[in-house]
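The paragraphs below lead through a predicted model, chain by chain, and then turn to the places where parts of it meet. Please keep the sequence and the coordinates at hand while reading.

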Amino acid sequence: MFRNVAELVELAESENIQISEVMIRQEMEVKQLTREQVVGQMEKNLDVMEKAIEDGLKGVQSHSGLTGGDAVLIQNYMKNHTPLSGHLLMDAVSKAVATNEVNAAMGTICATPTAGSAGCVPGTLFAVKNQLNPTREQMVNYLFTSGAFGFVVANNASISGAAGGCQAEVGSAAGMASAAIVEMAGGTPSQSAQAMAITLKNMLGLICDPVAGLVEVPCVKRNAMGASNAITAADMALAGVTSRIPCDEVIDAMYKVGQRMPSAFRETAQGGLAATPTGRELEAKVYGISLEKE
Amino acid sequence: MVKEMKYRSVFDIIGPVMIGPSSSHTAGAARIGRAARHLFGREPKYAHVHLYGSFAKTYKGHGTDVAIIGGLLDYETDDTRISGALKTARANGMKVRFHEEDAVTDHPNTARLKIGDDDGELELVGISIGGGKAEITELNGFELNLSGEHPAILLIHNDRFGAIASSTTILAKHEINIGRMEVSRKAQGEQALMVIEVDQNIEDSVLNELERADHIIQVAKISD
């Protein structure tokens with residue numbers, strides 16, 4: 001069983017297989033399942049992600065009224081304008097937003113690795129898909145590759161905002177997505193690791209400060225930026241840019257930053273955007289009271 | 001230093017499929033409730049839910065309350081009935097109370113559940129560690145470490161020699177492989193708890209055989 005990114009890349013390169021294949025084989029061994037069972041379960045997860053994006057692009061609203069409808073705005077903008085950041089990037093952003101808007105509206109999503117960060121992986125996948133024209137099998141592999149990198153982060157650091165801040169959630173999700181984009185675009189396992197490192201480096205220190213404690217503000221837009229980061233870092237890695245700090249050390253740094261992060265910045269609604277005057281006002285509107293402690 | 005591998009499956013990372021909005025505060029909470037339900041073995045008539053840390057501060061916005069009760073009703077994380085769980089529980093005659101605790105716990109997302117009916121009571125502490133994964137850290141005063149994702153057998157037994165050997169011999173006879181095993185006790189010579197995580201679901205006949213083994217007092221199982 002691989003314990004870190006270095007071992008994961010080594011396994012893939014020594015066997016001359018993709019990261020996704022390493023993950024599939026490990027899952028078969030650990031769970032004593034056939035390839036069909038493992039791949040079949042992931043296909044179901046892919047279907048859930050596709051459906052969530054569809055629902056979000058039709059427009060949804062959360063019960064609190066804090067989020068919803070932005071995915072539609074972005075898609076409409078793209079129909080009438082050429083986005084400055086490019087069509088693919090804004091498409092990924094809209095699909096990441098769509099997923100998290102559905103999540104906030106208590107719709108059905110697939111956690112990747114968490115619900116609050118569920119937009120980055122499918123958002124990028126269903127945008128990159130339009131340019132790379134992958135088979136359904138390659139799309140499923142995208143999820144296994146994302147999962148392999150997330151697996152390392154979860155076991156060596158954290159994927160929970162309450163434990164490690166947003167860097168551990170959206171940071172991890174964005175890193176996972178960038179590694180998977182590289183593989184789908186034909187990059188090497190080592191380039192996937194570089195993309196993950198570059199992405200995570202740029203999300204270090206990001207706090208988890210949800211307004212009213214809800215997975216809405218700023219979570220939905222953080223997924224938009226996670227998706228953008230992932231695509232940018234993937235392109236950099238495919239261009240041959242490398243991270244001076246190895247991926248495993250970046251993950252460890254993220255873990256240590258999370259450990260030293262005050263509790264106010266770890267999903268308690270006590271700091272950051274949650275503690276702004278407007279944040280408190282919205283909170284009072286949602287609950288009828290403020291969560292602020294005297 | 002090598003850390004413990006808390007996550008063993010890719011589907012801990014890409015998954016679960018769930019009702020939003022939070023994997024830790026909704027899906028993980030539902031799994032804690034469902035583990036309690038399975039250990040209790042039936043739908044309880046009352047539930048006292050004590051919430052700590054981030055759970056205590058944000059449970060209403062995340063639907064942690066409906067998720068835990070949904071779990072007690074045996075709902076999975078992707079069951080759309082979760083949002084109506086409180087109403088359903090009340091309609092079923094379950095008395096539910098939530099307590100927001102100020103005490104600081106080791107893990108920020110901790111819940112203590114006291115559930116029961118006229119025939120028995122169960123007290124359990126669960127933590128939601130991220131990505132929808134939950135662990136049971138305490139059961140009726142015994143410390144333990146249970147993911148609730150593998151089938152597991154829980155045996156309350158007398159703290160005597162031979163209790164462990166007689167149980168594992170029975171499992172070996174039925175060709176059941178043990179994935180992980182843990183024994184804890186409150187004090188020497190008193191009652192102890194044995195937790196055995198296995199690879200496949202256990203048939204009732206095996207449980208009955210275990211219950212008849214030396215020094216074994218009570219047997220329960222959690223299915224996958």
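Chain B has 224 residues, for which a compact globule would have a radius of gyration near 17 Å, and the value of 17 Å found for chain B agrees with this (the radius is taken over C-alpha atoms, and the globule rule is 2.2 Å times the number of residues to the power 0.38). Taken along the principal axes, the box filled by the C-alpha atoms of chain B is roughly 50 × 45 × 30 Å. The model is predicted, so local features are given only where pLDDT is at least 70 and side-chain atom pairs only at pLDDT 80 or more, while totals for chains, interfaces and linings use all residues. Residues are numbered from 1 along each chain as its sequence is written, and chains are lettered from A and ligands numbered from 1 in the order in which they are written.

As for confidence, chain B has a mean pLDDT of 89, with 96% of its residues at 70 or more (pLDDT is the predictor's confidence in each residue, from 0 to 100). The model as such scores ipTM 0.96 and pTM 0.86.

The secondary structure of chain B consists of six helices and 11 strands, where helices (H or I, at least four residues) and strands (E, at least two) are DSSP runs numbered from the N terminus. Of its 224 residues, 47% count as buried; a residue is buried if 20 or more other C-beta atoms lie within 10 Å of its own, exposed if 12 or fewer, and partly exposed in between, with C-beta atoms placed from the backbone. Among the contacts in chain B with a separation of 6 or more, 69% are accounted for by residues 24 or more positions apart, two residues being in contact if their C-beta atoms, placed from the backbone, lie within 7 Å.

Chain B is divided into domain 1 (16-146) and domain 2 (152-222), with bounds that come from an automatic or database domain assignment. The C-alpha centres of these two domains of chain B are 25 Å apart, and 11 residues of domain 1 are in contact with nine residues of domain 2. On the side of domain 1 of chain B that touches domain 2, helix 1 and strand 7 each supply at least two residues, and the largest share, five residues, comes from strand 7. By class, that side of domain 1 has six nonpolar, four polar and one charged residues (Ala, Val, Leu, Ile, Met, Phe, Trp, Tyr, Cys and Pro count as nonpolar, Asp, Glu, Lys and Arg as charged, and the others, Gly among them, as polar).

Two backbone details in chain B deserve a look. A cis peptide bond, with omega of about 10°, joins Gly20(B) and Pro21(B), and Pro21(B) is found in the loop between strand 1 (17-19) and helix 1 (23-40). Asn140(B), in the loop between strand 6 (133-139) and strand 7 (142-146), has a positive phi near 45° although it is a residue other than glycine; with 15 C-beta neighbours inside 10 Å, Asn140(B) counts as partly exposed.

Chain A is built from 13 helices and one strand, which follow one another along the sequence as α-α-α-α-α-β-α-α-α-α-α-α-α-α. With 294 residues, a compact globule would have a radius of gyration near 19 Å, and the 18 Å of chain A agrees; along its principal axes the C-alpha trace spans about 60 × 45 × 40 Å. In chain A, 58% of the 294 residues count as buried, and residues 24 or more positions apart account for 77% of the contacts with a separation of 6 or more.

An unreviewed UniProt entry annotates residues 15-274 of chain A as "domain: Serine dehydratase-like alpha subunit"; UniProt positions are given in the numbering used here, feature names are shortened, and annotations may be inferred rather than shown by experiment. Over residues 15-274, chain A is 65% helix and 1% strand, and the end C-alpha atoms are 48 Å apart.

Chain A, too, has a cis peptide bond, which joins Val217(A) and Pro218(A) with omega of about 10°; Pro218(A) lies in the loop between helix 10 (189-201) and helix 11 (219-238). Asn133(A), in the loop between helix 6 (120-132) and helix 7 (136-156), is not a glycine but has a positive phi of about 45°, and with 8 C-beta neighbours inside 10 Å it counts as exposed.

Where the chains meet, 40 residues of chain B are in contact with 52 residues of chain A. Strand 1, helix 1, helix 2 (53-62) and strand 5 (120-130) of chain B each supply at least two residues of the side that touches chain A, with the largest share, six residues, coming from helix 2 of chain B. By class, this side of chain B has 15 nonpolar, 17 polar and eight charged residues.
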